[in-house]
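Me: I want to learn how to read a structure like this. Can we take it one feature at a time?

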Amino acid sequence: MRVGVFICWCGSNIKNMVDVEKVAKEAEKMPRVVYSQDVQYLCSEVGQADISKAIDEHKLDRIVIGACSPRMHESTFQQLLESKGLNPYYVEIANIREQCSWVHTDKDKATVKATELVKKAVAKSYHAIPLTSDLLKVNKKALVIGGGIAGIQAALDIADAGYPVDLVEQKPSIGGRMAQFDKTFPTLDCSACILTPKMVEAATHENITLYTYSEVENVAGYVGNFKVKIKQKAKSVKQDICNGCGDCMEKCPKKVANEFDEGNSKRKAIYTLFPQAVPNKPVIDRDNCIYYKTGKCGLCEKICPTKAIDYNQEDEIVENEYGAIIAATGFDIKDPQDLSEYYYGNHPDVITSLELERQLNASGPTSGKVIRPSNGKTPEKIVFVQCVGSRDRNKGNAYCSKVCCLYTAKHTLLLNEKFPETESYVFNIDVRTGGKGYEEFYERARHKGAKYLRGQVSKVEPLGDADNKLLVRGYDSSIGEQVEIEADLVVLATSIEPKVGSSKIAGLLGLSSDSDGFFSEAHPKLKPVETQAQGIYLAGVCQGPKDIPEAVSQASGASAKAIILFNKGEVKSVPTTAMVNEEICSGCMQCKPVCPYEAISREYVTERVAGKEVKRPVASINRALCQGCGACAGLCRSGAMDIGGFTSKQIMAEVDTL
Amino acid sequence: MIEQNFEPKIVAFCCNWCSYAGADLAGTGRLKYPENVRIIRVPCSSRVEVQMIMRAFQNGADGVMVAGCHPGDCHYDTGNYHTRRRMMLLQSLTSFLGMDPDRFIVKWISGNEAAKFKSTVEEFNETLKKLGPADKVRDQRCGI
Ligand code: SF4
Ligand code: SF4
């Protein structure tokens with residue numbers, strides 16, 4: 001065995017805190033190390049050439065790298081080894097940057113530690129075994145979870161590339177949040193006008209199957225071969241028979257708060273989410289339907305001309321297989337009731353921006369009129385409060401919700417256009433307008449008369465006058481004074497938050513989430529649509545606040561990843577799988593139940609014992625299924641189970657260098 | 001007897017997806033923590049065999065930490081539930097061996113909890129300093 005050690009300076013990142021020459025010298029003394037060198041940048045072409053040359057000149061067959069985290073460049077070095085005809089798992093990395101130079105302050109101690117980390121890696125490298133992967137077939141069908149604009153875009157792109165897609169949406173219609181918006185910034189396009197055609201396209205596309213009023217129940221499998229259970233909730237209306245006439249909705253006597261209008265209008269218990277809903281056929285909301293509560297009523301069944309109502313329909317579980325999954329679960333907005341200073345919930349004229357959005361919409365609860373909910377009159381003075389629950393760790397979320405500055409500018413412009421007599425005041429920490437045409441749009445809003453006050457609102461309270469106005473107290477830092485405004489309407493730009501229930505989806509898909517609950521991408525810069533789970537991609541606000549163009553771009557990015565996977569048609573299996581030493585396996589099968597991928601089964605080996613042939617049970621691994629977690633190896637009492645790349649010998653060797 | 005300036009040795013088994021990533025993030029964020037921790041990368045905290053932990057104690061560790069994803073966040077769905085169960089058993093065994101159970105800790109540290117990684121190491125280090133060297137289960141033959 002001939003080990004070569006390479007210590008990277010990482011420019012000054014490692015070199016400033018670790019004496020790299022000394023580490024390289026010390027490495028030379030380690031057993032079986034025949035070559036050692038320090039290099040400025042190992043990941044660069046020059047650095048790679050150095051390793052390559054040393055492999056040839058010194059006939060190296062194990063490579064130990066002292067550099068950044070293996071999570072950064074392990075695959076770079078593995079590829080290099082492969083190109084040199086060595087098994088990629090013959091490289092071992094000592095993480096002397098993230099675990100040493102960057103976290104310590106004493107150069108001598110850091111140098112000693114770096115040397116020990118290298119020693120540990122050298123010891124591990126002795127026990128490296130060659131690993132290979134198999135090629136697995138990819139099921140060329142995608143699942144998109146979430147039918148908002150991001151999900152729709154992702155589904156359309158994949159479908160246009162010629163692959164079948166299932167689009168799952170938990171509401172009775174696709175469209176998501178964008179369907180609730182009136183106009184979009186900075187172009188002031190009518191949201192429905194640009195969205196509805198896409199919704200229809202998704203519904204009629206030959207490669208797309210819609211599952212509305214449905215939820216993902218279970219996900220098993222791995223990249224290329226996911227098995228997913230989808231629960232299709234009973235709609236109680238036979239969708240193939242219903243012609244969408246809507247007579248039932250008219251006659252239904254039960255009225256409930258309409259979530260689509262943020263609770264500011266009523267819908268029936270049998271309903272479509274909004275007039276342009278896709279599919280445009282009603283469902284019965286069983287939680288509110290009189291028939292399901294009391295067994296009486298049944299009006300819709302009587303009225304329906306096509307006899308489409310079916311009170312006995314049951315939830316259905318559909319089981320499908322997919323090669324790739326795109327999560328596009330979207331967002332909710334923070335309930336401002338938690339922030340008592342804004343008086344939301346205590347005065348009808350304090351509303352959220354989304355409520356104003358619905359008011360502005362011609363098919364919204366006020367048919368496009370902006371009113372004070374308390375008296376139905378047009379407000380004259382409107383105060384907008386920015387960052388409600390955003391950018392304040394103590395009162396909500398530390399992050400910026402990103403879209404509020406722009407949609408508030410939009411609201412002031414729309415108000416100015418429709419009701420020129422209104423005055424808009426915008427309290428803000430600062431105005432963020434990153435995005436094409438956004439600064440100009442904000443300028444326009446100011447130009448048209450919106451008054452921006454740099455400062456935060458400390459309190460909103462009722463004025464107690466006959467008009468039931470609100471007193472908004474705040475601070476204007478540009479004049480350095482407390483200001484008070486008597487407002488007719490207060491509009492809160494509430495924080496964007498991950499969709500309620502998205503943590504369940506994260507659990508099902510094996511995704512990690514950041515501390516705010518948004519799904520984590522695989523790399524913040526270079527893998528913004530991938531996740532740590534192979535074959536699962538992210539689109540839209542489920543990954544973090546973003547505006548419509550960003551959500552759409554990310555959706556197209558995510559679908560491109562799925563299409564690449566489908567075009568390739570096969571994936572490499574995980575090489576670091578479990579291995580059974582049949583000689584010592586006792587066949588106890590304790591390992592079987594701990595495997596999350598059902599990769600372990602009982603097989604039989606035939607042996608000759610005392611001249612007789614006997615069959616003995618042993619555990620066997622399905623390498624296509626095994627993901628190499630090692631739960632089985634951690635448990636095996638016989639020591640018969642091992643994990644490639646992390647064998648007991650390898651780990652023990654590391655422990656022994658203490 | 002506790003030596004003066006005793007620097008405990010800590011072995012930390014960190015799962016690749018959460019805790020190892022959290023330690024990496026501590027590096028990226030230039031957080032500082034004591035030098036005496038050695039991280040051993042494992043695919044999942046459930047990969048850690050009891051023998052590995054005992055071997056670490058035998059060979060000179062004064063404290064061992066097993067760190068994985070938070071329950072429910074396991075990259076492999078259920079790995080850390082097995083870890084939790086298995087390691088709780090070991091915990092009771094350490095006391096049975098006459099070892100202070102505080103020398104062996106199991107922590108859930110996610111990929112973005114760099115600060116938690118740092119504080120865990122710091123606190124563990126302080127505890128071990130108070131406890132002194134763990135020679136109870138040390139392999140005495142090789143004179144460590
Ligand atoms: S590998 Fe280990 S746990 Fe699995 S059956 Fe064999 S002896 Fe039992
Ligand atoms: S390592 Fe073992 S438990 Fe984990 S997936 Fe493979 S066979 Fe299953």
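Reply: Start with charge. Lys and Arg count as positive, Asp and Glu as negative; His and the chain ends are not counted. Each charge is placed at NZ of Lys, CZ of Arg, CG of Asp or CD of Glu. This is a predicted model, where local features need pLDDT of at least 70, side-chain atom pairs count only at pLDDT 80 or more, and totals for chains, interfaces and linings use all residues. Residues are numbered from 1 along each chain as its sequence is written, and chains are lettered from A in the order in which they are written.

Me: How far apart are the mean positions of the positive and negative charges of chain A?

Reply: They are 3 Å apart, for 82 positive and 84 negative charges.

Me: What share of chain A counts as buried?

Reply: Buried means under 20% relative accessible area, exposed over 50%, partly exposed in between (1.4 Å probe, protein chains only). In chain A, 54% of the 658 residues are buried.

Me: How many helices and strands has chain A?

Reply: Helices (H or I, at least four residues) and strands (E, at least two) are DSSP runs, numbered from the N terminus. Chain A has 18 helices and 34 strands.

Me: Which residues of α4(B) are buried?

Reply: Among them are B:F117, B:V121, B:F124 and B:L128.

Note on methods
Side-chain values use heavy atoms; hydrogens and water are left out.
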